[in-house]
Amino acid sequence: MTTVAIVNQKGGVGKTTVALGLASSAANRGIKTLVIDLDPQGNATTGLGLFEPTRGIDTVLQEERPEGIHLAIEESGWPNENGFAPLVAASSPDLAIREPQLATDPLGAQERLSSALGGQNTIQYPLQIIDCPPSLGLLTINGLFASNCVLLVTEPGAWAVDGVARMLQTIDRIQARRIEREPKLIGIAVNRLARTRDARYWHEQLQDAYPGKCLPPIHQRAAVSEAAAQSMPIHALGKRPGTAEASAEFDKILDSVLIGGNGE
Ligand SMILES: Nc1ncnc2c1ncn2[C@@H]1O[C@H](COP(=O)(O)OP(=O)(O)O)[C@@H](O)[C@H]1O
Ligand SMILES: [Mg+2]
């Protein structure tokens, strides 16, 4: 079982896009997946075709609910021909007020999600993807405590190296606090790589700064943003130019996640 947190404290780098791309690859391969949307903006929830959630992940964050994840899960709106459409623990605007409220728990509220997912009686999916918000606050920290591996998403741009360094420090600190020494870093997903000299330069800077940690890149393609806008899995966009290439790039990232997350 793999539970992967998708993180970067910066917004707009492609966390949600990568979460949806991985969910699409997994559905295409017949891997039953749960997507947990921890971002109050709820882009993963709508990207999965769920426009009026009736449940939501906030249910298991507002108070301690050990093994309570089933209270938050519902079906996505993705096509389900093969029975492998992902399930969703949806976001809600309440998450924005939940974060400062979590900070007031004298016992520390960093493990509420982990507790909700834990336990042998809990329904567990072979792949659980946690889409984190663009901050280092308690929602992202809950994501990192609940996951066994982490994918750091960045764009190849100015300050990307510094942003990655800051996130890696946070991951280190969480590993030091967890007896399992998790979450394990799967790698850095370099997203939205354009075919420009500038993008190539910043991509090289990342590869130099983090040798061996950068995964095969995901290129900038209209098909990728269109899939999200249409609330469709990228693998189902058909003959749209760039669809096959983008799908293949997400497939490669999924391989790395499954290999790393299953402890291989
Ligand atoms: N590889 C890509 N190609 C084209 N557009 C992309 C790509 N990755 C992300 N985008 C677009 O960039 C915007 C921000 O991406 P998003 O995944 O929402 O970032 P984050 O979750 O980190 O805030 C979205 O409009 C998304 O469609
Ligand atoms: Mg997002």
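This is a predicted model: local features need pLDDT of at least 70, side-chain atom pairs count only at pLDDT 80 or more; totals for chains, interfaces and linings use all residues.

Me: Okay, sheet to begin with. In what order do the strands run?

Reply: The seven strands form an open sheet in the order β3-β4-β2-β5-β1-β6-β7, and the pairing in this sheet is mixed. Its edge strands are β3 (73–75) and β7 (184–190), each of which pairs on one side only. On average, neighbouring strands are turned by 25° against each other, with direction ignored.

Me: And β1, which strands does it pair with, and in which sense, parallel or antiparallel?

Reply: β1 pairs in the parallel sense with β5 (residues 127–131) over five bridges, and four bridges join β1 to β6 (residues 149–154), again running parallel. To find these pairings on screen, look for Thr2 opposite Leu127 in β5 and for Ile6 opposite Leu151 in β6.

Me: How many residues of β1 are buried?

Reply: Six of the six residues in β1 (residues 2–7) are buried, so this strand is largely enclosed by the rest of the structure. In a regular strand the side chains alternate between the two faces of the sheet. For β1 both faces are covered, with Thr2, Val4 and Ile6 buried on one side and Thr3, Ala5 and Val7 buried on the other.

Me: Where does the antiparallel part come in?

Reply: β3 and β4 (residues 87–89) pair in the antiparallel sense over three bridges, and the bridge partner of Glu75 is Leu87 in β4.

Me: Which helices lie on the sheet?

Reply: One of them is α1, which lies across β1, β2 (33–37), β5, β6 and β7 and runs at about 165° to β5. Another is α6 (residues 160–177), which packs on the sheet and touches β1, β6 and β7, its direction making about 165° with that of β6.

Me: Switching to α3. Which of its residues are buried?

Reply: In α3 (residues 94–102) the buried residues are Leu95, Arg98, Glu99 and Leu102. They cover an arc of only 105° around the axis, which puts them on the same side of α3. On the other side of this helix, Ile97 and Pro100 are exposed. The cover over the buried residues of α3 includes α5 (138–146).

Me: Now the ligand. Which residues are closest to ligand 1?

Reply: Ligand 1 is surrounded by 17 residues, of which the closest are Lys15, Thr16, Thr17, Val224 and Ser225. The elements giving two or more residues to this shell are α1 (15–28) and α8 (222–229). By type, the shell divides into five nonpolar, nine polar and three charged residues.

Me: Why does Arg192 count as buried, and why is Ser231 partly exposed?

Reply: Arg192 has 21 C-beta neighbours inside 10 Å, and therefore counts as buried, since the cut-off for that is 20 or more. Ser231 has 17 C-beta neighbours inside 10 Å, so Ser231 counts as partly exposed.

How values were computed. Residues are numbered from 1 along each chain as its sequence is written. Chains are lettered from A and ligands numbered from 1 in the order in which they are written. A residue is buried if 20 or more other C-beta atoms lie within 10 Å of its own, exposed if 12 or fewer, and partly exposed in between; C-beta atoms are placed from the backbone. Two strands pair if DSSP finds at least two bridges between them. The arc is that of the directions from the helix axis to the C-beta atoms. Two residues are in contact if their C-beta atoms, placed from the backbone, lie within 7 Å. A residue is near a molecule or strand if its C-beta atom, placed from the backbone, lies within 6 Å of it. Ala, Val, Leu, Ile, Met, Phe, Trp, Tyr, Cys and Pro count as nonpolar, Asp, Glu, Lys and Arg as charged, and the others, Gly among them, as polar. Axes are lines fitted to C-alpha atoms, for helices over the stretch in contact, and angles run from 0 to 180 degrees between N-to-C directions.
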